[in-house]
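Have the sequence and the 3D view open as you read.

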Amino acid sequence: MDISVIGSGYVGTTIATCLPELGHDVTAIDIDEAIVEALNQGRSPIDEPGLDELLAEHAEDRLEATTSYDAVPASDVTFLAIGTPSNDDGSIDLTALEAAAEATGEALADKSERHLVVVKSTVTPTSIEDVIEPAVRRGADGNENVEVGVNPEFLREGSAVADFTHPDKLVFGTNSEWAMDELRAVFEPLLEDHDAHVVETDPQTASMIKYANNAFLAAKISLVNDLGNVCKEFDLDAYEVMDAIGLDDRISEQFLRSGVGWGGSCFPKDVNAIIAAARAEGYDPTLLEAAVDVNDRQPERMLELLADHVDLDGARIAVLGLSFKPRTDDVRNSRAIPTIELLRERGAEIVAYDPVAIERMRERFPGLEYADSAADALEGADGTVVVTDWDEFATLDEEFDAMASPVVVDGRRIIRRRDGIAYEGLTW
């Protein structure tokens with residue numbers, strides 16, 4: 001099939017790069033000329049394992065990028081993968097997505113064959129019929145050959161390529177059997193080769209499934225962190241407790257690792273968005289609000305543990321890990337951000353290190369001192385906090401001996417406890 005993908009952020013770049021693996025010809029459309037140039041040169045604009053290799057394979061064959069919507073009417077299916085950032089009240093900002101939806105409709109206004117526009121962006125159920133579909137139809141000038149469907153993504157940064165090629169589930173939300181057939185055709189190679197569960201439903205339910213999925217996982221992590229904080233008060237190892245309850249098949253072992261909390265582009269935005277949407281309908285989702293509150297307090301607890309060993313005012317503190325999770329350079333809602341802000345409020349001198357995310361964090365904190373390695377960050381430090389569980393941090397050992405005061409507060413259970421350092425696990 002010929003497929004057009006509008007938007008080349010984390011989701012758009014991943015699906016545009018992976019769809020050629022299924023045999024499709026893809027045109028990636030983005031307003032950023034630098035991103036378009038990078039894609040056409042076979043370079044990924046984001047740091048995601050596996051993308052550069054796929055781009056090198058397909059950039060001159062099955063994938064091209066452009067700033068023009070001219071390729072939309074020539075394609076069979078168009079995916080909208082535009083970001084929906086949070087407003088101050090937690091609701092989602094649909095401005096960019098609405099504009100892209102209308103521009104897509106305009107490109108399809110004169111098309112005589114049926115065309116499916118698929119919303120890949122994460123949007124609330126009411127947004128489909130209140131904003132996105134009207135924008136497409138407004139642009140298409142009422143062309144009834146254009147239909148709108150929803151196919152939410154479940155891609156984890158750091159493993160997005162593997163998640164695309166080996167999905168747990170595929171969710172198709174459409175209003176017609178023809179549109180459902182089109183989505184089946186796009187993903188047919190995955191349906192044939194893998195045991196992915198396929199959920200076929202309407203667009204509004206499909207969009208809610210994405211929010212419910214992320215809200216459940218976020219709430220699960222916050223519950224585990226809350227229980228982990230209780231374990232810490234009893235001087236117990238939360239990981240031993242969670243290993244035991246994870247044996248219950250009603251719970252499972254996944255997402256039972258307590259620590260400094262969740263971040264990234266999905267969990268914070270999606271949980272806040274569904275809270276705001278529920279409030280708009282007159283319902284107060286107290287459990288989801290509590291999940292956010294627990295998550296927001298974890299960095300404070302980490303610094304409380306550090307302050308038990310070090311007077312933070314004037315102390316040199318190393319922050320290890322800036323991305324919200326390993327194997328990505330994404331710092332959106334990283335737990336390192338509130339950690340750095342809290343350290344600054346307490347008068348600490350900060351030196352930070354991350355294997356790939358320094359440049360992105362420098363945009364947020366341009367005046368911060370950044371080290372070239374974990375060893376450089378630790379040298380002369382009065383204490384350190386570990387925010388991201390990069391594998392290289394697990395091998396740190398003698399580097400701690402170069403600290404002025406070897407105090408380690410581990411927010412991810414990645415550092416090996418040993419003699420010679422004052423070690424505090426956040427929930428163990």
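This is a predicted model: local features need pLDDT of at least 70, side-chain atom pairs count only at pLDDT 80 or more; totals for chains, interfaces and linings use all residues.

Residues are numbered from 1 along each chain as its sequence is written, and side-chain values use heavy atoms, with hydrogens and water left out.

**Ring pairs**
- Searching the whole structure turns up seven aromatic pairs.
- Rings of Phe, Tyr and Trp (its six-membered ring) pair if their centres lie within 6.5 Å; planes under 30 degrees apart are stacked, over 60 edge-to-face, and the rest tilted.

**Phenylalanine 164 and phenylalanine 187**
- These two make a tilted pair, at 6.3 Å centre to centre with 50 degrees between the planes.
- Phenylalanine 164 sits in helix 6 (residues 160-165), while phenylalanine 187 is in the loop between helix 7 (177-186) and helix 8 (188-193).
- Helices here are DSSP runs of H or I, at least four residues, and strands are runs of E, at least two, numbered from the N terminus.
- Ring pairs join Phe79, Phe164, Phe172 and Phe187 into a cluster.

**Tyrosine 239 and tryptophan 428**
- Their ring centres are 5.2 Å apart and the planes are at 80 degrees, so this pair is edge-to-face.
- Tyrosine 239 lies in helix 10 (residues 238-245) and tryptophan 428 in the segment after strand 14 (422-425), so the pair ties together parts 189 residues apart in sequence.
- Both tyrosine 239 and tryptophan 428 are buried.

**A charge over a ring**
- Lysine 169 has its charged end over the ring of phenylalanine 154, 4.3 Å from the centre.
- That label needs NZ of Lys or CZ of Arg within 6 Å of the ring centre and within 35 degrees of the ring normal.

Terms used:
Buried means under 20% relative accessible area, exposed over 50%, partly exposed in between (1.4 Å probe, protein chains only).
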